[in-house]
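Below are a few friendly notes to read alongside the picture.

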Amino acid sequence: MRAARLMSDERTPQENDVTGATVWLTGLPSAGKTTIAHELAALLRAEGRQVELLDGDEIREFLSAGLGFGREDRHTNVQRIGFVAELLASNGVLVLVPVIAPYADSRDAVRKRHQQEGTAYVEVHVATPVEVCSVRDVKGLYAKQAAGEISGLTGVDDPYEEPESPDLRIAAQDCSAARAADSVLALLTERGLL
Ligand SMILES: Nc1ncnc2c1ncn2[C@@H]1O[C@H](COP(=O)(O)OS(=O)(=O)O)[C@@H](OP(=O)(O)O)[C@H]1O
Ligand SMILES: Nc1ncnc2c1ncn2[C@@H]1O[C@H](COP(=O)(O)OP(=O)(O)O)[C@@H](O)[C@H]1O
């Protein structure tokens with residue numbers, strides 16, 4: 001048992017009653033991961049749940065400062081986020097993680113860590129096609145890649161290994177962000193996590 005984890009007999013009865021979980025939203029840049037996560041956070045907070053949203057850009061500014069977008073650095077980034085998410089989730093928090101996580105083995109390692117600790121883990125594939133993402137181009141990355149200003153953009157000239165069996169796959173090009181968030185909420189309810 002790690003020092004950061006509360007021993008079960010140190011928890012108050014209320015803490016013991018709350019089941020946390022990590023909800024990882026994986027998908028391409030501009031797929032809608034962040035937008036859906038914020039919609040979901042609002043729904044969960046309205047249910048009275050404690051929610052943390054681990055924003056990929058913020059994590060890269062602090063926890064993963066200095067890491068780049070090569071395979072090894074992306075793996076390290078995802079493992080760090082998975083570690084923090086599991087700690088929070090094991091203390092009753094619903095942790096929302098809108099982070100690309102392009103490699104299947106990185107995602108599997110995070111799931112395994114949760115399983116080993118007995119912490120709930122839900123993988124949501126925000127499966128917006130690259131053709132739609134590149135038109136949305138929220139941060140202008142697709143345009144920069146097309147102009148030859150950057151390289152190694154996920155889904156264009158860098159891999160994105162689609163999840164083979166996510167807990168939920170959302171065709172987010174065909175529905176609103178609110179509806180997508182509803183579908184995650186429904187899954188959490190079905191799993192007994194709300
Ligand atoms: N080369 C390249 N490839 C992919 N993404 C890039 C790149 N350069 C910068 N960005 C922007 O970085 C944001 C955070 O990335 P992540 O930490 O989620 O990526 S990863 O899981 O470590 O692969 C990610 O945020 P989102 O757009 O919200 O997905 C990107 O906008
Ligand atoms: N169904 C949808 N779900 C999520 N975002 C959507 C949807 N339809 C359109 N959008 C828009 O697409 C963009 C997605 O951006 P963002 O959530 O930052 O993506 P990501 O975090 O995956 O990079 C936003 O401008 C959002 O308003």
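1. A word on names to begin: helices (H or I, at least four residues) and strands (E, at least two) are DSSP runs, numbered from the N terminus. Gly32 sits in the loop between β1 and α2, and Ala31 has its place in the loop between β1 (21–26) and α2.

2. Please keep in mind that this is a predicted model, where local features need pLDDT of at least 70, side-chain atom pairs count only at pLDDT 80 or more, and totals for chains, interfaces and linings use all residues. Residues are numbered from 1 along each chain as its sequence is written, while chains are lettered from A and ligands numbered from 1 in the order in which they are written.

3. Now look at ligand 2. There are 17 residues around it (C-beta atom, placed from the backbone, within 6 Å), and Gly32, Lys33, Thr34, Thr35 and Ala177 come nearest. Two elements, α2 (33–46) and α8 (177–190), each give two or more residues to this shell, with α2 providing the largest share, four residues.

4. Is Gly32 buried or exposed? Gly32 counts as buried because it has 26 C-beta neighbours inside 10 Å, and the cut-offs are 20 or more other C-beta atoms within 10 Å for buried, 12 or fewer for exposed, and partly exposed in between. Ala31 is buried too, with 29 other C-beta atoms within 10 Å.

5. The UniProt record (unreviewed entry) places a "binding site" at positions including Ala31 and Gly32; such annotations may be inferred rather than shown by experiment.
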